[in-house]
Each structure stands twice: as structure tokens, then as C-alpha cells.
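Thanks for coming. I will go through one model today, starting with a term and then moving to strands, core and charges. Please have the structure open.

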Amino acid sequence: VTTAYNYTDVGREKYVTSISASPQANLIVGKNHMFQTNFKYQDKNYARTPVIADEKRDSNDYGGGLGYYFFFAENKGFLGLRYNLNKEDTEGANWEYLGNRFTASVLYPFLERFKISLAGDIFLQDFSNTNTIFRVDRDDKVYTASSMLAYNFWKAAELQFRYTYVKDHSNIAIYDYDRSIYSLGVEYKF
């Protein structure tokens with residue numbers, strides 16, 4: 001079971017907090033194949049109260065998924081395929097949706113201390129209600145491409161450089177966007 005707590009600031013002000021739990025089961029077949037299933041519950045609470053009640057994004061998010069992984073390079077690299085389904089049950093009518101996510105990823109180790117990963121993701125959001133502000137049924141298709149270069153500099157510690165590109169195609173122009181995210185971090189596993 002994975003549990004997590006998240007606190008996010010935007011512009012030096014509290015934006016959202018969330019807590020989640022996700023039990024997961026893995027089935028290893030042979031030396032190179034793994035099947036995975038998971039369930040997830042997440043409670044999200046936004047700090048700012050919207051002017052319109054239908055815009056309230058506080059929610060209970062329920063979901064689950066299936067995955068397949070093929071391991072190679074002495075089980076240090078993998079090719080992964082995943083499908084996830086989620087229901088975001090928000091307090092405001094404008095943000096409630098049913099989501100379908102399809103993900104493909106590969107992680108490839110090289111030169112003993114380095115690894116690179118690439119991933120692609122399509123997230124289809126079918127909003128449950130007619131948007132009360134724009135008077136249309138919102139439909140978003142979010143495409144994400146990401147990459148990571150990691151250097152294992154000490155035992156279970158890695159220096160990681162990541163680039164992520166996100167494009168949200170929405171039928172409501174205000175929600176249509178694209179962005180590039182660069183990050184540098186250290187990961188330590190224990």
C-alpha cells in the first residue's frame with residue numbers, strides 16, 4: 001500500500017492539499033514479465049474558496065488500473081503499459097469527471113550509473129455535467145510526454161533531470177493550454 005500527503009503552494013500561497021492511499025498487487029510471471037493492478041483513493045482540498053459554488057474543486061477521487069511490464073537488461077530496465085480509470089467526485093458540478101488514462105513508458109540503463117526514461121500519456125476526461133458558466137459539456141484530452149536522465153552518484157541516491165511537456169486540448173478555450181516543465185532533483189530510496 002502506498003500512502004502520500006501533498007501540500008502545494010502557488011505564488012507563495014497555499015493552493016491544495018491531498019492525502020491518498022493506493023493498494024497494489026503484482027504478479028510476476030517468469031523472469032521478465034509482471035502484471036499489476038491497483039486501486040486508489042485521494043481526498044483533495046483546495047485552499048481558495050471559489051466565487052461560484054459549481055467551481056468548488058474539493059473532491060474524493062476513486063480509481064484503479066491495470067499494467068504490464070517487460071523487464072530487460074538484467075531486470076534494471078523495463079517497458080511498461082498501463083490503463084487507469086478514475087472518478088473525480090467534486091463538490092462543484094463543473095469539475096466532476098470520469099477519466100481514462102493510457103500510458104506507455106520505457107526505462108533504459110546505460111554506462112553502469114546512468115539511466116534514461118521516456119513516457120507518453122493520454123488522459124481523456126469526460127466531464128459529468130454541463131458547465132454552468134460556459135453552458136457546454138466540457139471534454140478534455142490531455143497529452144503528456146516526459147523524459148528523465150538519472151545519475152546514480154551514491155548507493156541508493158540519484159540525481160535526476162526531468163523534462164515534461166503537457167498539452168490539454170479542451171473544447172472550452174480557457175482550459176486549453178500547453179506547458180513545459182523542467183526539474184532537477186535528488187531521489188534516495190530506503
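A residue is called buried under 20% relative accessible area, exposed over 50%, and partly exposed in between, using a 1.4 Å probe and protein chains only. This is a predicted model, where local features need pLDDT of at least 70, side-chain atom pairs count only at pLDDT 80 or more, and totals for chains, interfaces and linings use all residues. Residues are numbered from 1 along each chain as its sequence is written, and side-chain values use heavy atoms, leaving out hydrogens and water.

Strands next. These are DSSP runs of E, at least two residues, numbered from the N terminus; two of them pair if DSSP finds at least two bridges between them. Strand β8, residues 114–130, runs antiparallel to β9, residues 137–154, with 14 bridges joining them. F114 is partnered with Y151 in β9. The β8–β9 hairpin has six residues between its strands, and R135 in that turn has a positive phi of about 60 degrees. β9 is also joined to β10, residues 157–170, by 14 bridges, again antiparallel.

Now the core, meaning buried Ala, Val, Leu, Ile, Met, Phe, Trp, Tyr and Cys residues joined through side-chain atoms within 4.5 Å. The largest nonpolar core has eight residues, among them W95, F123, V142 and V166.

Last, salt bridges: a side-chain nitrogen of Lys or Arg within 4 Å of a carboxyl oxygen of Asp or Glu. The count is ten. In one of them, D176 pairs with K167, the closest N and O atoms being 2.9 Å apart. K167 is buried at 17%, while D176 is partly exposed at 30%.

How values were computed:
Helices (H or I, at least four residues) and strands (E, at least two) are DSSP runs, numbered from the N terminus.
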